[in-house]
Amino acid sequence: MKPIKPVYEEITQELNNVRPGIQVIAVTKQVGVERTTEAIEAGIRHLGENRPEGLLNKRQAIASEASWHFIGNLQTRKVKEVIDQIDYLHSLDRMSLAKEIQKRATHPLKCFVQVNVSKEQSKSGVLAEEAVAFVKSLEAFDKIQVVGLMTMAPNTTDETIIRNVFKGLKSLQLEVAAEGMSHAPCTECSMGMSNDYKIAAEEGATFVRIGTALVGSESEAM
């Protein structure tokens with residue numbers, strides 16, 4: 001696999017050319033501790049995992065000040081295992097999950113509400129038309145701070161479809177932010193992955209989640 005540092009520098013430059021300040025989350029679910037450590041040494045400060053086991057294994061093995069993001073669907077029964085091991089949750093999408101976070105967390109957690117902008121049945125997330133009401137309903141939960149919204153674009157080569165999904169999320173994020181809710185500043189947009197992060201950046205992403213295009217995949221390298 002390619003060294004991470006020059007790839008990271010190239011991606012960072014691409015993003016800076018669009019708009020400075022976009023944060024890169026290295027999604028390390030397809031690589032092990034050694035490759036994740038290389039990512040940190042390359043200057044990456046945001047790491048993303050989508051399984052509790054992968055997150056906990058790496059957190060125990062790596063002593064780092066990097067921020068850890070849980071980016072996958074989080075089962076309610078798994079909340080107690082990871083909630084105090086992460087800095088951000090990108091998949092808050094239901095009231096039962098919010099209640100469990102409130103019950104288990106020892107400090108306020110930065111959360112992205114996941115929105116199913118594309119309305120695909122295969123994707124999780126609240127529907128766009130329900131997003132503002134859902135965010136408002138979280139006001140009573142002092143362990144949840146809604147820092148932004150997250151979405152995933154459809155797996156398609158049609159750039160217009162992808163771009164419209166990202167436009168939709170950005171519009172929603174601005175709508176929530178305009179409400180001025182203390183529990184939901186909602187200044188961030190988490191959108192864009194290896195295949196579409198450039199489009200996401202152009203449409204207002206503040207966090208992009210990049211896995212194979214940045215750190216590679218050890219399963220593919222075998």
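Me: Is Cys111 buried or exposed?
Reply: This is a predicted model. In it, Cys111 counts as buried because its relative accessibility is 0%.
Me: And how many disulfides does the structure hold?
Reply: The structure holds 0 disulfides.
Me: What about Cys189, how far away is the nearest cysteine sulfur?
Reply: For Cys189, the nearest cysteine sulfur belongs to Cys186 and is 7.2 Å away, and Cys189 is in no disulfide. Cys189 also counts as buried, because its relative accessibility is 0%.
Me: Changing topic: which residues lie nearest the centre of the largest pocket?
Reply: Lys29, Asn50, Ile71, Met152 and Met193 do, out of 21 lining residues. The volume of this pocket is about 430 Å³. Its lining consists of 6 nonpolar, 11 polar and 4 charged residues.
Me: What is the volume of the second largest pocket?
Reply: That pocket has a volume of about 220 Å³. Its lining residues include Lys123, Met152, Met193 and Asp196. By class, 5 are nonpolar, 4 polar and 2 charged.
Me: Last one: what does UniProt say about residues 18-217?
Reply: An unreviewed UniProt entry annotates residues 18-217 as "domain: Alanine racemase N-terminal". In the model, that span is 37% helix and 21% strand, and its end C-alpha atoms lie 27 Å apart.

Conventions: Residues are numbered from 1 along each chain as its sequence is written. This is a predicted model: local features need pLDDT of at least 70, side-chain atom pairs count only at pLDDT 80 or more; totals for chains, interfaces and linings use all residues. Side-chain values use heavy atoms; hydrogens and water are left out. A disulfide is a pair of cysteine sulfur atoms within 2.5 Å. Buried means under 20% relative accessible area, exposed over 50%, partly exposed in between (1.4 Å probe, protein chains only). UniProt positions are given in the numbering used here, feature names are shortened, and annotations may be inferred rather than shown by experiment. Helices (H or I, at least four residues) and strands (E, at least two) are DSSP runs, numbered from the N terminus. On a 1 Å grid over the protein atoms alone, a cavity is a set of points where a 1.4 Å probe fits but cannot get out, and a pocket is an open set with protein on both sides within 12 Å along at least five of seven lines; lining residues have an atom within 4 Å of a point. Grid points are joined across faces, edges and corners, and a volume is the space filled by probe spheres set on the points. Ala, Val, Leu, Ile, Met, Phe, Trp, Tyr, Cys and Pro count as nonpolar, Asp, Glu, Lys and Arg as charged, and the others, Gly among them, as polar.
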